[in-house]
Amino acid sequence: MADHVRDVMTPGVVAVRPDASLVEAAQLMRAQDIGDVLVASEGRVLGVLTDRDIALRAVADGADPLTVSAQAVCTPNPVVVTPDEAVSAAIDLMRDHAVRRLPVVEDGHPVGMVSLGDLALSQDPTSALADISRATPGGGKGV
C-alpha cells in the first residue's frame with residue numbers, strides 16, 4: 001500500500017488558460033481522454049474544470065460554450081495536496097470536501113492529479129472501484 005500522494009498520483013498536468021472557451025477545454029478533455037482540466041495562469045492553479053461543470057453550469061443553462069470562459073465555469077480555488085502528503089490525508093480531504101479529484105501542487109505549481117480511483121487502487125486493489133478504475137476506456141459496451 002502506498003504511503004504518499006506521489007506514489008499514487010497521475011503525474012503531469014493538463015491545463016487551460018482562464019480565458020479558454022469551454023469548447024477548447026472540452027476538445028482537450030476528449031483528446032486526452034480525461035474528465036477534467038486545471039484552469040491555470042502563470043503556473044498557478046486557479047480552478048478545476050470538469051466535463052460535468054461544462055454540462056451543468058453552462059450548457060444546461062443555454063450558455064454558448066464558444067463564448068463562456070473556463071474560469072467562469074470552473075470550481076475556483078480547489079483543495080489541493082502536495083506530493084509528500086500522506087495518502088490518508090488525500091482521502092480525508094476528498095471526503096471532507098466531497099470531491100473526486102485533487103490537484104497535486106509542489107511549491108505552488110501543479111505537478112499532477114490524484115483521483116478517487118487512484119486512491120482506490122492503492123488502498124484496496126480488490127474493490128469494485130479499483131476494478132472499474134483499471135478498466136480500459138471504451139472497453140465496455142457503454143450505456
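In what sense do E1 and E7 pair, and over how many bridges? E1 and E7 pair in the antiparallel sense, over 2 bridges. Two strands count as paired if DSSP finds at least two bridges between them. Here Pro-11 stands opposite Gly-112 in E7.

This is a predicted model: local features need pLDDT of at least 70, side-chain atom pairs count only at pLDDT 80 or more, and totals for chains, interfaces and linings use all residues. Residues are numbered from 1 along each chain as its sequence is written, and side-chain values use heavy atoms, without hydrogens and water.

The protein has 6 helices and 7 strands. Both are DSSP runs numbered from the N terminus: helices are H or I with at least four residues, strands are E with at least two. Of its 143 residues, 35% count as buried, meaning under 20% relative accessible area with a 1.4 Å probe, protein chains only.

E1, E7 and E6 form an open sheet in the order E1-E7-E6, with antiparallel pairing. E1 (10–11) and E6 stand at the edges with a single partner strand each, so one side of each lacks a neighbour in the sheet.

E6 (residues 101–106) and E7 (residues 109–115) pair over 6 bridges, antiparallel. Arg-101 stands opposite Ser-115 in E7. The two strands form a hairpin with 2 residues between them. Asp-107 in the turn has a positive phi of about 55°.

| H4 (residues 87–97) | E6 and E7 | about 130° with E6 |

Angles run from 0 to 180 degrees between N-to-C directions, with axes fitted to C-alpha atoms, for helices over the stretch in contact. Contact means heavy atoms within 4.5 Å.

Notes. Buried means under 20% relative accessible area, exposed over 50%, partly exposed in between (1.4 Å probe, protein chains only).
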